[in-house]
Amino acid sequence: MHTQPLSRLSIFVDGNNMFYAQQKNGWFFDPKRVLEYFTNETVPSTLINAFWYTGLKDPQDQRGFRDALISLGYTVRTKILKEYYDDNSGRYSQKANLDIEIVVDMFNTAAQYDRVVLFSGDGDFERAIELLRSKNTHITVVSTEGMIARELRNATDRYIDLNSVRRYIEKD
């Protein structure tokens with residue numbers, strides 16, 4: 001009897017982008033339930049890698065949360081937030097752009113997986129996703145309405161709105 005081999009899955013979570021998406025939706029997802037849901041979803045998969053990217057105010061910031069992610073099996077990549085001054089608004093904002101780190105990890109591990117789930121709505125990922133798809137990688141993007149770039153939604157094989165999987169991944 002010939003059985004379909006399990007697909008090999010990698011998950012990439014743009015933590016800062018997802019924090020705002022969850023805040024906008026008024027609920028938060030559980031990183032553990034995310035791993036469980038996407039490995040057992042429509043295509044049963046072997047989880048190869050799960051990466052979580054987040055900006056930090058200082059090296060101790062989010063320590064407990066980061067340790068919890070690591071214990072669940074995530075590789076956590078961090079960068080210290082940079083402060084930017086906006087001349088127009090006269091306000092300071094903090095930003096840690098981890099897009100390059102995400103793309104580098106995607107391509108550095110590309111031989112290990114055939115499916116990707118990217119949690120981000122950032123249109124900057126459009127080109128990277130097109131290139132991965134040209135190598136027969138199936139890409140799912142998870143984001144939320146009003147925060148998903150049109151270019152990213154067009155480039156992906158499948159788009160999932162966070163609210164449509166809320167009951168499976170919401171933090172209790």
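Q62 counts as partly exposed in this predicted model, because its relative accessibility is 26%, a value between the 20% and 50% limits that separate buried from exposed. You will find Q62 in the loop between strand 2 and helix 3 (63–72). Its backbone deserves a look: Q62 has a positive phi of about 60° although it is not a glycine. Most residues other than glycine have a negative phi.

A second residue of this kind is N136, with a phi near 65°, again a positive value in a residue other than glycine. N136 sits in the loop between helix 5 and strand 7, and at 70% relative accessibility N136 counts as exposed. T137 lies in that loop as well, between helix 5 (126–134) and strand 7. Is T137 buried or exposed? T137 counts as buried, because its relative accessibility is 7%. Leaving aside residues up to four places away in sequence, T137 touches Y113, D114, R115, V116, L132 and D157.

Let us move to helix 1, which spans residues 15–25. Here G15, N17, M18, A21, Q22 and N25 are buried. They lie on the same side of helix 1, because they cover an arc of only 155° around the axis. What do the buried residues of helix 1 pack against? Their partners are strand 1 (7–14), strand 2 (45–56), strand 6 (115–119) and strand 7 (138–143). Y20 also belongs to helix 1, but Y20 is partly exposed, with a relative accessible area of 49%. Together with F19 and F28, Y20 forms a nonpolar patch on the surface, and the three have about 300 Å² of accessible area together. Just after helix 1, G26 takes a positive phi of about 80°.

Now for the charged side chains, where the count comes to 11 salt bridges. One of them joins E36 to K32, with the closest N and O atoms 3.8 Å apart. E36 and K32 are separated by about one helical turn, because they are 4 residues apart in helix 2 (residues 31–40). An α-helix has 3.6 residues a turn, so residues three or four places apart point the same way. Both partners are partly exposed: E36 has a relative accessible area of 39%, and K32 has a relative accessibility of 44%.

Another salt bridge brings together the side chains of R33 and D172, at 3.7 Å from N to O. This pair links distant parts of the chain, with R33 in helix 2 and D172 in the segment after helix 7 (166–169), 139 residues apart. R33 is partly exposed at 22% relative accessibility, whereas D172 is exposed at 89%.

The side chains of R77 and D105 meet in a salt bridge too, at 2.8 Å from N to O. Here the link runs between R77 in strand 3 (residues 75–80) and D105 in helix 4 (residues 99–108), 28 residues apart. R77 counts as partly exposed at 31% relative accessibility, while D105 counts as buried at 7%. Elsewhere, E41, R115 and R158 are linked in a network of salt bridges; R115 is also one of the residues that T137 touches.

Finally, the annotation: an unreviewed UniProt entry places the feature "domain: NYN" at residues 8–162. That span is 36% helix and 32% strand, and its end C-alpha atoms lie 22 Å apart.

How values were computed. Residues numbered from 1 in each chain as written. Heavy atoms only, no water. UniProt positions renumbered as here; feature names shortened; annotations may be inferred. Helix = DSSP H or I, 4+ residues; strand = E, 2+ residues; numbered from the N terminus. Patch = residues over 30% accessible without salt bridge, like charges linked within 9 Å, V, L, I, M, F, W, Y side chains within 5 Å. Areas by Shrake-Rupley, 256 points an atom, 1.4 Å probe, with all protein chains shown as cover. Salt bridge = Lys/Arg side-chain N within 4 Å of Asp/Glu carboxyl O. Buried < 20%, exposed > 50% of the residue type's maximum accessible area, 1.4 Å probe, protein only. Arc of directions from axis to C-beta. Contact = heavy atoms within 4.5 Å.
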